[in-house]
Structure formats: C-alpha cells, structure tokens
Amino acid sequence: MARYVGAIDQGTTSTRFIVFDHGGNIVAVDQKEHAQIMPAPGWVEHDAGEIWANTQEVIALALAKGGLTTADLAAVGITNQRETTVLWDKASGQPVHNALVWMDTRTADLVGALAVDGGQDRLRGKTGLPLATYFSGLKLRWLLDSVPGAQARAEAGELLFGNIDTWLAWNLTGGAEGGLHITDVTNASRTQLMNLETLDWDAEILALLKIPRACLPEIRSSSEVYGSCTGGLAGVPLAGILGDQQAALFGQACLAPGEAKNTYGTGCFMLMNTGEKPFPSQHGLLTTLGYKLGEAPAVYALEGSISISGALVQWLRDNLGLISSAPEIEALAASVEDNGDVYFVPAFSGLYAPHWEDSARGVIVGLTRFAGKGHLARAVLEATAFQTREVLDAMTKDSGVAITELRTDGGMVVNELLMQFQSDILGVPVVRPRVIETTALGAAYAAGLAVGYWTSTDDISANWGVDKRWHPAMEEDRRAVLYGKWNKAVSRSLGWIE
C-alpha cells in the first residue's frame, strides 16, 4: 500500500527529494548541490543536464535511506526555481545552452528596448509583471537570438522551452521517448508570456517577442495526475507542480485571502493569498498565480521578490572567507551588540521588489575604523530583514490588509538572531512552523490531493503547527532610525550601471 508522497524540490543551489507521511512529517530526504556558472558579471547559469542527473541520484538515495520502494509512494510532485530557463532538443533531450538562472541580468538591453514604448509596466496589465530581467520569456528570447538556428528550430517544434519544472516533468515521464511537455499555471505566470485572466499563452505578447508557440509547454493546473513516471520512479503518478514560492504558500496553509508567508532562501519571497481575482499592484509588487487545484478556480497572490538573501551569507562564506559554513554567521553576528552603523545593500542583480531597479549594484555603507567582521556579519543578516520590511510595507499599501503575523520558512529561519530582528523591524510577531520544509511539502500536498492521499485542504490546515514565535522587542523610535538608515543606504546603490 502507498504510504507516502514524494516531492522533488529543485532549488537555485541544490536538488532534494523528500518523502512525507500523511501528517506532513519528513520520512526520508537526500540533497545534492549543483554548480553555479558565472561566465560574466551579472550572468548566472546552471547545467540542466547536471540538475537532471542530481535529481535521479537524490531520488534513489532518499528511497534507499528510508528503506522505501516506488510502491510506497502514492504520488510525486515537483517544486522548482521558477524563472530559470531551459531550451533543449526534443529528439536528443540535450539542452542547447546552459540554463539561464532567474537572477541572470543579461536581458537588460531587451528590457530597455521594450520599455521605450509603454514603459516598465507595458505588459503588467496582462501578466501582472513589470518588464525586468527576472522573468523567463526574455531569457528565452535571448537564447533564440544567441544559439545558431534556434529560432527556426523552435518554430518547427524541434526545440522545447520550459522553466525547470517543465524540464524535470519531461524527463521524469520519458524524455525523448514521449515525455510530457507541460507546466503549471504558477510557473507559466513567471514567464511574462501567460495572460492572468485566460491562463493561456497570450498571442499578442508572443508576437511582440517573436516567441514560437510550438516550443511552449501545455499549461495545466497545479494539482492533477499528469501521467506516470518512468526510470527510478517508474509507475508513480506525477500529480503536482508548483513554483517554489507558491508551493511554500500552499505548504504554509495560507489558503484564505490575506494570509501571507515569507520564504528565506537564496532569495527572499513574500506571498499573500488574494483569492480568485488578480489583484493589481500599485506599489512595486507582482501579481501572480498562487495555485490551481484541478478544475477549481485559480487562486491568485501578491508577491514581493528579493533577489539576494541567503545568497549573501554564501557570498560572505565563499567570496570573503569570513565564515567556513553558513550557520557560523549567527555566532559571528551575535559577537557585537548592533550593526555598528554598517548597512549592506545586496543589489548584486539590481534591486527587485518594490524598486525594480536594474541599475543598482551592491554597496556597503557606514564603514569606520570601528567596524569589524561581526558588524559586517550582522549587516548581512539585517539586509534580509530590511528588504522584507520594504516588501511588507508595499503589500500592506496594496492590499489594505495589516498583517498581524508573518509565517516564515526556508533555510534561514533556523537563525534565531535573524528571526528576532525580523520581528523587531516589522513590529509584528514572526512564526516558524513545525515543518520548515514547506516548499517541498506544498508540492507533496498538491500531488497527494490529486490522488486522494489527502482528501481536502482541511488536511493541510490541520497539519500546520507552530514551532516558535518571536515577538517584537524594539522601541518604535529605534525601529524608525534603523529603517531610515537602510533607506538611505538603498539610495546609495542606485544608478551604478548606466
């Protein structure tokens, strides 16, 4: 009897396979990192072939660790880094170029050219998104322009495009031997090619960007039986797909309008459930799909996307060598009483929400002879909290809803110093759930609901529980001073790229 549900969690830095039981508890897990390829400043690539090989490996190892077989799995779901763009040969299954990662900025010139007529919000009415290097439609346009013969081959249906979910689903269900070329509404909404109202590729945008429909995947719901897996998961239904941040929203049981979560990973992403109607943003947020369960109406969300949060800790480790492992940053930051008036704006790929400034680059400000590595470590952690405050303020203005608590997840939430400072700078409680792997859990829920493993979203709500809650302990005057200094630091980062 199938006792569990599996989830492939394909992230920016690693791939995991996690097996969950009915209570949402982790039964088995394996994880493997992949290379970060940076051929030029602002360019970030992944080897999609390496990612697929790692996916197969972590599936096999997680099952072995748990003493499990495919017969133990009722279904499997996928969650993924969303805008990372793959273009591959349908016949051979080989990518024609490295995947372009969501934070890659090489499409800046394309963004600028499109914005000349209609401005940055030219496509926002249909897609909910500003023109930015972030989204995968323009990354596809770059690949079609840059790979010899790609445009003609894509028009002929010989090349296939997808975000990472599409690449994995195609390979999981047979690859060149009849693999399914599909995506779900959440991932499709991150291409800037899908119409939020019709949930289909928008013909006018495809014509504007000269994107051949023949290379695009079929858009499906987030929770349905798409088909059966082959290979290491042979016979297991593939039944759920959610972009990573939407998966975390779902896994956090943010199922009612006004409920919000923040995921602290490579980047930082806050989403608020806004119900069954797209909610246009006036304050720099994204209107996006939250999830769609089978034939039920789609649920939309407002999103604030921050490009660099956990990645800044990795930078401190890998580029500066101030720490040898990411968890060490908490003790180093705690070695000083405050940030020593040091602020770090990590605009490595420009600034995302709510600024959307491709011209920005990272700055460290406020340095004096007094500043030491402890102050820099503290500024690194505080940068994530300050950026989250910017997004929360924008979300409150857009929605008119004052958030009374913030549900958190992702790798950084084990850092208690960060969580307390986050509560302090927001002025509201911050809550860490019992299971912090909510991204993978959301994909598992989507897959399990499709096959009846979980009977309704009531099961998801029942499984959610609090591990720890932090309450604000900072005086309002102090909060205002720190946030004012942060805004001053952000202003110093703007306009570096001309």
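Let's start with W102, which is buried at a relative accessible area of 3%. Buried here means under 20% relative accessible area, exposed means over 50%, and partly exposed is in between, using a 1.4 Å probe and protein chains only. Before I go on, the housekeeping: this is a predicted model, so local features need pLDDT of at least 70, side-chain atom pairs count only at pLDDT 80 or more, and totals for chains, interfaces and linings use all residues. Residues are numbered from 1 along each chain as its sequence is written, and side-chain values use heavy atoms, with hydrogens and water left out.

So which residue does W102 form an aromatic pair with? The structure holds 21 aromatic pairs, and one of them is W102 with F269, edge-to-face, at 5.9 Å centre to centre and 70° between the planes. W102 is in the loop between strand 7 (99-100) and helix 2 (108-115), while F269 is in strand 16 (residues 268-275), so this pair ties together parts that are 167 residues apart in sequence. F269 is buried as well, with a relative accessible area of 6%. For the record, rings of Phe, Tyr and Trp (its six-membered ring) pair if their centres lie within 6.5 Å; planes under 30 degrees apart are stacked, over 60 edge-to-face, and the rest tilted. And helices (H or I, at least four residues) and strands (E, at least two) are DSSP runs, numbered from the N terminus.

W102 and F269 also belong to one aromatic cluster, along with Y134, F135, Y352 and W356.

Now another pair: W167 and W170 have ring centres 6.4 Å apart and planes at 15°, so they are stacked. They are three residues apart in helix 6 (residues 164-172), which means about one helical turn between them. W167 is buried at 1% relative accessible area, and W170 is buried at 2%.

R106 lies over the face of W142, 4.6 Å from the ring centre, and R407 lies over the face of W464, at 3.8 Å from the ring centre. The cut-off for that is NZ of Lys or CZ of Arg within 6 Å of the ring centre and within 35 degrees of the ring normal.

On to the sheets. In what order do the seven strands of the open sheet run? The order is 17-18-16-15-21-22-23, with mixed pairing. Two strands pair if DSSP finds at least two bridges between them. The edges are strand 17 (286-291) and strand 23 (466-470), each pairing on one side only. Within that sheet, strand 15 and strand 21 (residues 406-409) run parallel and are joined by three bridges, and N262 has T408 in strand 21 as its bridge partner. Helix 12 (residues 373-399) packs on this sheet, touching strand 15, strand 16, strand 18 (299-306) and strand 21, and its direction makes about 15° with that of strand 16. Contact means heavy atoms within 4.5 Å; axes are lines fitted to C-alpha atoms, for helices over the stretch in contact, and angles run from 0 to 180 degrees between N-to-C directions.

There's also an open sheet of six strands, in the order 3-2-1-5-14-13, again with mixed pairing. Its edge strands are strand 3 (26-33) and strand 13 (223-228). Strand 2 (residues 14-20) pairs with strand 3 in the antiparallel sense over seven bridges, and F20 has I26 as its bridge partner in strand 3. Helix 1 (residues 48-65) packs on this sheet, and its direction makes about 150° with that of strand 3.

Strand 8 pairs with strand 6 (residues 85-89) in the antiparallel sense over five bridges, with V86 opposite G162.

A cis peptide bond joins A353 and P354, with omega about -5°; P354 is in the loop between strand 19 (343-345) and strand 20 (363-365). L199 isn't a glycine, yet has a positive phi of about 55°, and it counts as buried at 18% relative accessibility.
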